[in-house]
Each structure stands twice: as C-alpha cells, then as structure tokens.
Amino acid sequence: MDIFERIKKDAGGPIGQYQKLSHGYFSFPKLEGPIAPHMKFRGKEVLTWSLNNYLGLAAHPEVMAADAEAAKEYGMAYPMGARMMSGQTVWHEKLERELAAFVGKEDAFLLNFGYQGMFSIIDTLISRKDVIVYDSEAHACIIDGLLLHKAKGGKRFVYPHNNMENLRTQLERATKLAKENGGGVMVITEGVFGMKGDLGKLDEIVAMKKDFDFRLLVDDAHGFGTMGKRGSGTGEHFGVEDGVDVHFSTFAKSMAGIGAFVASDKEIVNFLRYNMRSQTYAKSLPMPMVKGALKRLEILQNHPELKDNLWTIVRALQSGFKENGFDIGVTQSPVTPVYMKGSVEEATNLVVDLRENHGLFCSIVTYPVIPRGELILRIIPTAVHTLDDVKYTIECFKACRTKMDNGDYNKPMPDMADK
C-alpha cells in the first residue's frame with residue numbers, strides 16, 4: 001500500500017481520529033495574551049490551570065527583561081553552529097556550572113530540548129551489553145530511549161509503578177543478565193510523575209544499592225524548582241542527591257523556558273559532551289535562552305517565596321478538592337489530577353461546559369491515553385494563582401460533577417474544531 005494512502009486510511013491514529021471535531025479546541029488550543037492564570041481562549045477570558053509555569057517565571061518582569069536584553073544584543077542566531085564546533089560561549093559554560101552546583105553534581109551539560117535530551121542520554125550512556133530497569137509509568141521520552149536501546153540489541157526489565165518489591169526482583173534478573181553480558185545495570189525513574197503527581201521512591205531505590213550494583217538515572221522535570229527545601233529537586237526532597245547518579249531536568253516547567261540539562265560526575269558529563277549525537281549535530285542554544293535561563297536560575301535560588309507561594313496554592317487546591325469529595329489520587333506534588341468516571345462523549349461535554357460556561361481552562365485526559373470509562377482533569381497550580389482562583393475552581397467542579405451525576409453530559413460529542 002502507498003504510504004500516504006495508509007496514513008489517510010488510518011484517520012490520524014488513536015488520538016488524531018478526533019481531529020475533525022477537536023482541532024483548535026481540545027487539541028492544539030490557542031491560549032493568547034500574557035502568560036498568567038487568566039488568559040484569552042477564543043476571545044473569552046479563562047482561568048487557566050494547564051501551564052507548567054510552576055513558579056510564575058514566564059511573565060516575571062526580570063525574566064522578560066533579561067530575555068529581551070539578550071535578544072536585542074545577540075539576536076536569535078548567536079552562537080552559530082553546534083557547541084563542539086563553533087557554538088561554545090562563556091555563558092553556556094557559566095550556566096552549566098551553576099546548574100551543576102545547584103543540584104549537587106560535579107558538572108552539567110546543556111541540552112536543546114527535554115524530550116530529545118532524555119532519550120539521547122539513554123542512547124548515549126547505555127550500551128547493548130547493559131540492562132535497563134525502569135518504572136512502568138515512565139514518560140514517553142524514557143520509553144523512546146528504551147526503544148533505541150532495544151534496537152541496539154539491549155535488554156530491559158520493567159517493574160510495576162513504584163513497586164519496590166518487584167523492583168528488587170527485576171534487579172536480581174538484570175544483575176544476572178548484565179553479568180553474563182559483561183555489562184552494567186541502569187535504573188530509570190522519574191522524580192515526580194507528571195500524570196499522577198506522585199513521587200518516584202528515590203530513597204528506597206537508593207537504599208537498594210547496598211544489595212545491588214547499579215546506577216540511577218532520574219528524570220526530574222516536574223521536581224526541579226518545586227521539590228526540596230531549596231527547590232533543587234526530588235533527590236533533595238528525599239535527601240539522596242548523592243545516590244542519584246544522573247540528574248536530568250528540563251527548562252520547560254519551573255524555568256519557563258526552552259532547553260534542558262543533565263548533571264553527573266565530570267567524566268560522565270564529558271562523555272556525553274563528546275558522544276551525544278543529538279547535541280553534536282544540533283545548533284547550540286541561542287544566547288537569549290541561555291542568559292534567560294541564568295536569570296531564571298538566579299531568581300529560583302534567591303526568591304524562595306515563589307516556591308512557598310506555589311505550595312500555598314497547592315495545599316489549598318488539593319485540600320479543597322478532597323474536602324468536597326473529589327478523588328485526586330496519590331499526588332505528593334503540585335500536579336493535581338482529578339479523577340472522574342465517564343465516556344469520551346461525557347468528558348468532551350464536561351470540558352466544553354467548563355470552558356464556555358465557567359471560563360475555566362484545564363487539560364483533560366481520556367481514552368485511549370487511559371482506560372476507557374476513566375477521566376482525568378489535570379490541574380497545574382502555580383505561584384501566581386490566588387486563593388480566590390482556587391475557591392472559584394472548586395465551585396465550578398462541584399457544579400459540573402452534579403451535571404455529570406445527572407447525566408446532563410451524556411449526549412453526542414459537539415463539533416468544536418476551528419472552522
């Protein structure tokens with residue numbers, strides 16, 4: 001069959017099949033105006049809970065000034081070329097030093113993107129002789145890294161989400177296989193799981209190093225800036241920074257920017273610098289992103305009140321949901337999932353009601369991402385939300401739950417796609 005004919009027949013895949021009804025509304029929506037709790041959606045103001053702007057840095061005046069000043073001085077092109085060839089600057093080096101110091105590692109390496117960076121780290125560090133053990137709810141960037149490992153002939157074992165007893169079993173299997181292959185073992189998990197909001201059990205995983213010989217790679221995208229006394233991440237939260245061998249995080253969450261970094265021992269980071277193909281053959285991060293990241297990191301470290309404000313909103317929101325009978329699962333982080341039951345059609349009508357009649361914008365997760373009949377309304381609080389925002393949101397959810405219970409949303413899916 002012709003490739004294009006197959007694609008057209010497939011109707012867009014499991015999610016893309018809904019594009020004719022949802023494009024521009026449920027998928028690829030356009031939030032407009034300054035990044036803030038209140039933005040514009042289709043010309044109407046909405047209270048938005050869907051942006052990972054945890055510390056409110058996206059529209060912070062000092063951040064915006066640093067971005068603008070760097071763009072005016074350097075433009076978006078400088079430095080030209082890949083880091084290894086012609087794209088190195090003192091500012092890139094300075095940012096790496098400061099990131100490494102903040103997360104308690106010897107060195108760090110800047111990456112252009114988080115998703116690309118994570119699967120490239122796996123591809124670069126892990127040989128086909130090595131064995132990977134990973135959490136079943138690992139992010140897609142980790143899963144894609146595992147696919148690259150598999151393509152090289154590498155082996156991997158998965159343990160049920162946060163099941164430490166089973167992890168021990170998989171480590172026994174992995175250790176035996178790695179010994180036979182002449183390789184090593186890498187455990188991969190997340191600091192904060194972005195869907196459920198619970199934490200990877202880093203303290204228990206690190207404790208297993210007494211019984212097994214392995215290295216630990218942690219994707220702390222949602223933990224950096226939000227977890228730990230200083231905000232350096234989930235490793236700090238558990239007091240096991242030294243037990244995390246490779247720390248990865250992205251700038252797309254608390255840092256409200258573009259880019260990422262990996263931090264570890266100096267020799268390991270240098271190995272990545274010289275062997276990570278996605279960076280060797282990619283243009284260096286432009287100067288506005290680098291100097292902007294330095295300003296963001298400075299504010300993150302020197303203004304702990306931002307994290308305090310975030311957690312004030314988190315506690316109010318999560319306690320408000322629980323006190324009113326909503327199921328928010330096992331979250332231990334700012335990520336706040338609200339679990340409900342219903343069909344895709346009911347989920348669609350619920351979201352339309354929230355956005356059109358209540359002026360409230362949040363993300364929804366439904367089948368085929370999660371099992372049929374289950375819904376997750378995913379709320380991301382930030383330091384710049386207010387307690388009034390929280391109170392209003394709880395009341396909106398209560399009103400919508402009543403409609404859901406009464407069957408008011410059990411009607412055909414509306415066509416909300418851009419015309």
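**Pockets, cavities and selected residues**

The largest share of the lining of the second largest pocket, 3 residues, is contributed by helix H8. This result, like those that follow, was computed from a predicted model. Helix H8 spans residues 164-181, and strand S7 (185-190) and helix H11 (266-275) stand beside it as elements that each supply at least two residues of this lining. The second largest pocket holds about 380 Å³ of space. Its lining comprises 19 residues, and those closest to the centre of the pocket are Gly184, Val185, Met186, Phe214 and Arg215. By class, the lining of the second largest pocket consists of 9 nonpolar, 4 polar and 6 charged residues.

In the whole structure, 2 cavities of 30 Å³ or more were found. The largest cavity contains about 80 Å³ of space. A set of 13 residues lines the largest cavity, and Gly235, Glu236, Glu241, Val244 and His247 are the ones that lie nearest its centre. Helix H10, which covers residues 234-238, gives the most to this lining, with 3 residues. The lining of the largest cavity is made up of 4 nonpolar, 5 polar and 4 charged residues.

The second largest cavity has a volume of about 50 Å³. Residues from separate parts of the numbering are listed in its lining: Ile35, Ala36, Pro37, Thr48, Leu51 and Asn53, together with Ile380, Thr382, Val384 and His385. Of the residues that line the second largest cavity, 6 are nonpolar and 4 are polar, while no charged residue is present.

Phe109 is located in strand S4, which runs over residues 107-111. Because its relative accessibility is 4%, under the 20% limit for a buried residue, Phe109 is classed as buried. In sequence, Phe109 and Glu96 are separated by 13 residues; in space, their C-alpha atoms are 5.9 Å apart.

Ile3, by contrast, belongs to helix H1, which extends over residues 3-10. Its relative accessibility is 52%, and since residues over 50% are counted as exposed, Ile3 falls in that class. Together with Phe4 and Ile7, Ile3 makes a nonpolar surface patch of about 330 Å².

Methods:
Residues are numbered from 1 along each chain as its sequence is written. This is a predicted model: local features need pLDDT of at least 70, side-chain atom pairs count only at pLDDT 80 or more; totals for chains, interfaces and linings use all residues. Side-chain values use heavy atoms; hydrogens and water are left out. Patches are made of residues with over 30% relative accessible area and no salt bridge: like charges are joined within 9 Å, nonpolar side chains (Val, Leu, Ile, Met, Phe, Trp, Tyr) within 5 Å. Accessible areas come from the Shrake-Rupley method with a 1.4 Å probe; for residues, only the protein chains shown count as cover. A salt bridge is a side-chain nitrogen of Lys or Arg within 4 Å of a carboxyl oxygen of Asp or Glu. Helices (H or I, at least four residues) and strands (E, at least two) are DSSP runs, numbered from the N terminus. Buried means under 20% relative accessible area, exposed over 50%, partly exposed in between (1.4 Å probe, protein chains only). On a 1 Å grid over the protein atoms alone, a cavity is a set of points where a 1.4 Å probe fits but cannot get out, and a pocket is an open set with protein on both sides within 12 Å along at least five of seven lines; lining residues have an atom within 4 Å of a point. Grid points are joined across faces, edges and corners, and a volume is the space filled by probe spheres set on the points. Ala, Val, Leu, Ile, Met, Phe, Trp, Tyr, Cys and Pro count as nonpolar, Asp, Glu, Lys and Arg as charged, and the others, Gly among them, as polar.
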